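Please keep the sequence and coordinates at hand while reading.

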Amino acid sequence: MLRPLDTATRETKRLDGVWDFRIDRAGEGRDRSWWQGPLPGARPMAVPASFNELVLDKADRDHFGDLWYQTRVRVPRGWAGQRVTLYVESATHRATVWADGVELGSHEGGYLPFELDLTEVARPGDEVLLTFCVNNTLSFQSIPPGVIETDLAGVARQRWFHDFANYAGIHRSVYLVATPHDRIDDVTVTTDIDGTTGVVRLVTATTGDGDVRVVLRDADGAEVAAADGRDVALRVPDARLWGPGHPYLYRATIELGRGQELVDTYAVTVGVRTVAVDGARILLNGEPVYLTGFGMHEDHEAIGKGHCDALMLRDVACLEWINANSVRTSHYPYSSEFMDHCDRAGILVIDETPAVGMNMSIGGGIFGTQGYTTFSPDTANHETQAAHAQVIRELVARDKNHPSVIVWSLANEPESETDAAEAYFKPLFELARELDPTRLVGFVNVMTARYPDCKVSRYADLVMINRYYGWYVFLGDLAVAERALRSELEGWASEGKPIIVTEYGTDTVAGLHDLGSGPWSEEYQTAFLEMSSRVLDEVDAVVGEHPWAFADFQTAPGIVRVDGNKKGLFTRARQPKSAAHWLRQRWAAKRRP
C-alpha cells in the first residue's frame, strides 16, 4: 500500500475540513443504520483533530465507544476508468467506513493508515456520502490495552494504562485517490555503501504485467543511475550520504510501462546510509553516532493528536534550537508528514509501536499497580500478540523507506522480567527482523526489570532504558540517585551492547523557582540533568540520551498529574524551561558532523 501521491498517472484529493460528527452516547448508531443517510443530530467537527479537545462537556470528552463522522465529497469527473480508493492516515483506535450506505471495510489500530476500495461505489462526477464509525474503546486485546471497569456508583468507565491522554478521532488526513488498475503496488528501498559508491536497491511490486524502469536523480534533478526490472541495484559513484547535519536525499522514479505506453509512475525519496551495531557502538555510515534528543508526543492544545504542518514545523524548530539530532516516536507511530520531515531535516528516529501500558505492575508512570496479571488467557494473550504483530507489519510497511528510521521499538515499558513476557516478545522480535533485517530492533525497558532481571533484552540489538533515579526513586536525593544510576548502567554495559537512556527527568512547573532546588522547581530539573549527564558521560556504552520529555503533555487526571505531565524541557506551548538552555549548551558540545 503506497501513500497518496500526485504523479503523471495518479491524482489525490484531500478531504480535510469540517465534517458532521456525533457521539453515540446510547450506542444506537449501528442498530439505527446511521450510515444510510445524513447523520442525525450532528454537530461540526474538525478533521484532523482529537474530538476530546473540541467538546466542552466532560461526559463528551470522556466518552468511550462509537463516534460517527460524515462528509459528502464529489469524485472528480476525470477519474473515470481509474481505480478509486479512500486512504485514511489515522482513525483512533479502529474504524468502519461506508460509502453511500455500502460498507467498505474496517481497520483495527489507531496510528497507522488503511486503504479501502471505492471503485464500485463512487461514480466519477457524482457526490458520495462517506460515513465513519470510529471507536476508541480499549481492551486487553487492543494495542495499546485498556479495560472497562464499573465504579462504586455503577458507572462503566474506560481505564487505560498509558501515561498520556487517550485522545481519539480522525487524527490525520483522509484522501480520495485515483490510480490505474494496473499499477505499482509497493516499493522497498534499501541502501549500502561500497567505498565511495552508494548502492541503492529497489524492489517493486506491481498488479498487472508490464516493464519496470527505475531512474535515480540527485537533489538537482540530474540522473545518476537507472536500470530496468522489478529488483534492481543502482550504483551511485561518489554518493552523498544521508545523516544528521547532511540529510542529502535522492529521488527514485519508478515507471510501469508497456511498449511506449506509461501505465503508472511513482516516486520515493532515497537517503543513502547504513546503520549497524559494532560492540557497544551504533554506527551510522560506518561511523559512531551519539543520539541527543527526546521522546515526544503528538499533543497540542485544541487539536490533541491531530496533525498540523505548522505545529510540526514548530516542534522541529525547537529540536534544532536545542541541538537534538534524534527522537523516539513515543509511544506510537507519528504522522507520515513528520517522518518525511525527519528525512529532510536529518533527524534520526526510533520508530515505536503503540504497545504501551503492557505492564500491570506499574500505573501510568512508575507509581501504583493495576491489579491485573499482564500476560494470561484473560488479559494480554495470543489474540493480543496477533494484534501486536499486525501493528509491526503495518509500521514496517509504512516506514521502511525512511532513511531517518534507524531503530524499530516494539514496546514501551512492558513487563519483561517474567517467562510469560519472554514467550510473548520472542516471536515479535523474530517477525521484526524478518520484515526488515537492515535496522536495529529493540524495546524500552522499565525500572521493574532492572539489570540483570530482564528476560527480553537478550533479543534486542541495543539496550533502551527508562530510569528515574532522583524522581520516582530517591526523590530529592541526587547524590544517592547518582550512585544508583551509575551502578545500574555499569551492569547493563557489561552486556556489550549500545545503551540509549530513553527516559530520565523530573516534573517541572514552568516559573516555579526554589533557592534550595527542591523538586518541581526549574532549578531541580537542571540539577537533575547535570547529575544524570555526569553518569552518562562516564559509561562508554551509553550512545544516546533522551530526557523525558520534549514538551509537557496531557494525561488522565491524577493526584501526581496536575494538568498533565510536566516533565517537558519545553512547555506545552513550546516555550523553553530553564533546563532547556543548559541542555542546549551540552548538546552543542556533543554535535557530530
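**Aromatic pairs and helix packing**

Phe132 is buried, with a relative accessible area of 0%; buried means under 20% relative accessible area, exposed over 50% and partly exposed in between, for a 1.4 Å probe and protein chains only. Trp19 is buried as well, at 1%. This is a predicted model, in which local features need pLDDT of at least 70 and side-chain atom pairs count only at pLDDT 80 or more, while totals for chains, interfaces and linings use all residues. Residues are numbered from 1 along each chain as its sequence is written, and side-chain values use heavy atoms, with hydrogens and water left out.

The structure holds 34 aromatic pairs. Rings of Phe, Tyr and Trp (its six-membered ring) pair if their centres lie within 6.5 Å; planes under 30 degrees apart count as stacked, over 60 as edge-to-face and the rest as tilted. The ring centres of Trp19 and Phe132 are 5.4 Å apart and the planes stand at 75°, so this pair is edge-to-face. Because Trp19 lies in strand 2 (residues 17–23) and Phe132 in strand 10 (residues 127–135), the pair ties together parts that are 113 residues apart in sequence. Strands (E, at least two residues) and helices (H or I, at least four) are DSSP runs, numbered from the N terminus.

Tyr87 and Tyr175 also form an edge-to-face pair, because their ring centres are 6.4 Å apart and their planes are at 70°. Tyr87 belongs to strand 5 (residues 83–88) and Tyr175 to strand 14 (residues 174–179), so parts 88 residues apart in sequence are tied together. Tyr87 is buried at 1% relative accessible area, and Tyr175 counts as buried at 8%.

Ring pairs also link Phe375, Tyr424, Phe425, Phe429, Phe443 and Tyr459 into a cluster.

Two packed helices are described by the angle between their axes and the distance between the axes. The axes of helix 4 (residues 382–399) and helix 5 (residues 419–435) come within 10 Å and cross at roughly 20°; axes are lines fitted to C-alpha atoms, for helices over the stretch in contact, and angles run from 0 to 180 degrees between N-to-C directions. Helix 4 and helix 5 are therefore roughly parallel, the term for angles under 35 degrees. Contact means heavy atoms within 4.5 Å. Among the residues making the contact are His388 and Ile392 of helix 4, and Tyr424 and Phe425 of helix 5.

Definitions and conventions:
Parallel < 35°, antiparallel > 145°, perpendicular 65-115°, else oblique.
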